[in-house]
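Please keep the structure open beside you as you read.

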Amino acid sequence: MAVNTQTWWQQGRVVETSDLAEGVRRVVLAPDRPVHAAPGTHVDLRLDLAGHVRKRSYSVVRSEDGGRRLTLGVQLAPSSRGGSRHMHGLAPGDVVEMTGPVQSFPLGVGADRYVLVAGGIGVTALVAMADALRRRGADYTLVLAGRRRAVMAYLGELVEVHGDRVRVFVDDEDVRLDVAELVGEIAGSPAAARTEMYMCGPIRLMDAIRRAWVSHELPEPNLRFETFGSSGAWAAEDFVVHLPQLDRSVRVGKDSSMLDALEDAGVDVMWDCRKGECGICQVKVLDVSGRIDHRDVFLSQQQKETYASLCLCVARAARGDSADADAAEPAAVTLHLP
Ligand code: FES
């Protein structure tokens, strides 16, 4: 049975769209029942993707006029499951089904220092936080990391507004973010125990930050992150899920999630966030042919390494760099559903 805690759906009208950066589209929605979106909130949209209704989550970059205008920034994902392609095709006048603002990444109060770290499109979760911290007169640093300047949404605007509080790292300029150095700086500062870090970006960056944070014994509650489970260790590829208890096998296309594919096949599964955060969709792994690309932030590193379980909404099987990488057979995972 599906479980969903976000119960109030409404219609939102697209009132503006524009390009923010290469491959990144700005979409402004006017919801039927406006509610101001606090920093760290996102909205869920129900999108009709090739005849299947799918839920996708997007950070609210800006909330204006008491929530009458909610701005989203959407990157066209190379391995899009269809959601970002659909969002890029929206035009003023289109109507979408959406929730009100959902808070899963709240900005705390009272820390001595805040460090916001955005990897790529993760910046969309942090723009409103940076603005709020500036208004509060807080001590904050905004770290922006990307592959190329042309694909980094809001870069110019953030530098203009936040000045030298912004640190920019661009891979193709050979100015790369050194996570160990960044976290080491925090650990060595007098405010170390009272510094909060908010991070949104690819899973690999998030994992690296988490490892560095733990190794410096910084307070774990002070590290907060948001993810949409869309990036992994390997590119998405087709794979197969075996369910011996139902005597069934389901193929998962590279544009689909395991959860979507199982639902399409009529398999009842539990879920809530659908982005690798809550663990509700966690299931036991019985066998794997290839690798598991977990892509969640719920399981611990140790749980991930043992391949004992996975989160259906974001995890994928991949041939990866395993011995079977050149084999014609797709990767496969055998699961036991609760
Ligand atoms: S539904 Fe929340 S982790 Fe999968």
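## Spaces inside the model

By class, the lining of the largest cavity has seven nonpolar residues, one polar residue and no charged ones. Here Ala, Val, Leu, Ile, Met, Phe, Trp, Tyr, Cys and Pro count as nonpolar, Asp, Glu, Lys and Arg as charged, and the others, Gly among them, as polar.

A word on the model before we go further. It is a predicted model, in which local features need pLDDT of at least 70 and side-chain atom pairs count only at pLDDT 80 or more, while totals for chains, interfaces and linings use all residues. Residues are numbered from 1 along each chain as its sequence is written, and side-chain values use heavy atoms, with hydrogens and water left out.

Which residues line the largest cavity? They are A118, G120, V123, L144, A145, M152, A153 and L155. The volume of this cavity is about 50 Å³, and a search of the whole structure finds one cavity of 30 Å³ or more. On a 1 Å grid over the protein atoms alone, a cavity is a set of points where a 1.4 Å probe fits but cannot get out, a pocket is an open set with protein on both sides within 12 Å along at least five of seven lines, and lining residues have an atom within 4 Å of a point. Grid points are joined across faces, edges and corners, and a volume is the space filled by probe spheres set on the points.

The second largest pocket holds about 320 Å³ of space. Its lining has 15 residues, and D207, A233, I292, D293 and Q301 lie nearest its centre. The elements that give two or more residues to this lining are α5 (203-215), β17 (291-293) and α7 (301-306). Helices (H or I, at least four residues) and strands (E, at least two) are DSSP runs, numbered from the N terminus. By class, the lining of this pocket divides into five nonpolar, three polar and seven charged residues.

Where does the second largest pocket lie? Domain 2 (113-226) and domain 3 (239-336) both give residues to its lining, so the pocket lies between them. The domain bounds come from an automatic or database domain assignment.

## A nonpolar core

A nonpolar core is a set of buried Ala, Val, Leu, Ile, Met, Phe, Trp, Tyr and Cys residues joined through side-chain atoms within 4.5 Å. The largest one has 31 residues, of which Y114, L116, V123, L144 and Y198 touch the most other members. Several elements each supply at least two residues of this core, including β9 (113-119), β10 (140-146) and β12 (195-200). Helix α2 gives the most, with five residues. This core also draws at least three residues from each of domain 1 (9-103) and domain 2 (113-226).

Strand β10 is mostly covered, with seven of its seven residues buried. Buried means under 20% relative accessible area, exposed over 50%, and partly exposed in between (1.4 Å probe, protein chains only). From β10, Y140, L142, L144 and G146 point one way and T141, V143 and A145 the other way. In a regular strand the side chains alternate between the two faces of the sheet. β9 and β10 pair in the parallel sense over six bridges, and L116 stands opposite L142 in β10.

Seven of the nine residues of β3 (residues 41-49) are buried.

| Partner of β3 | Bridges | Facing residues |
|---|---|---|
| β4 (residues 52-59) | eight | L47 and R54 |
| β7 (residues 95-99) | two | R46 and E97 |
| β8 (residues 102-103) | two | T41 and Q103 |

The hairpin of β3 and β4 has two residues between the strands, and A50 there takes a positive phi near 50 degrees.

D174 is not a glycine, yet has a positive phi of about 60 degrees. D174 lies in the loop between β11 and α4 (179-188). Is D174 buried or exposed? At 64% relative accessibility, D174 counts as exposed.

D247 has a positive phi of about 55 degrees although it is not a glycine. The loop between β14 (239-243) and β15 (248-252) holds D247, which counts as exposed at 71% relative accessibility.

T17, in strand β1 (residues 9-21), counts as buried at 19% relative accessibility. T17 and G73 are 56 residues apart in sequence and 9.7 Å apart in space, C-alpha to C-alpha.

How values were computed:
Pairing = 2+ DSSP bridges.
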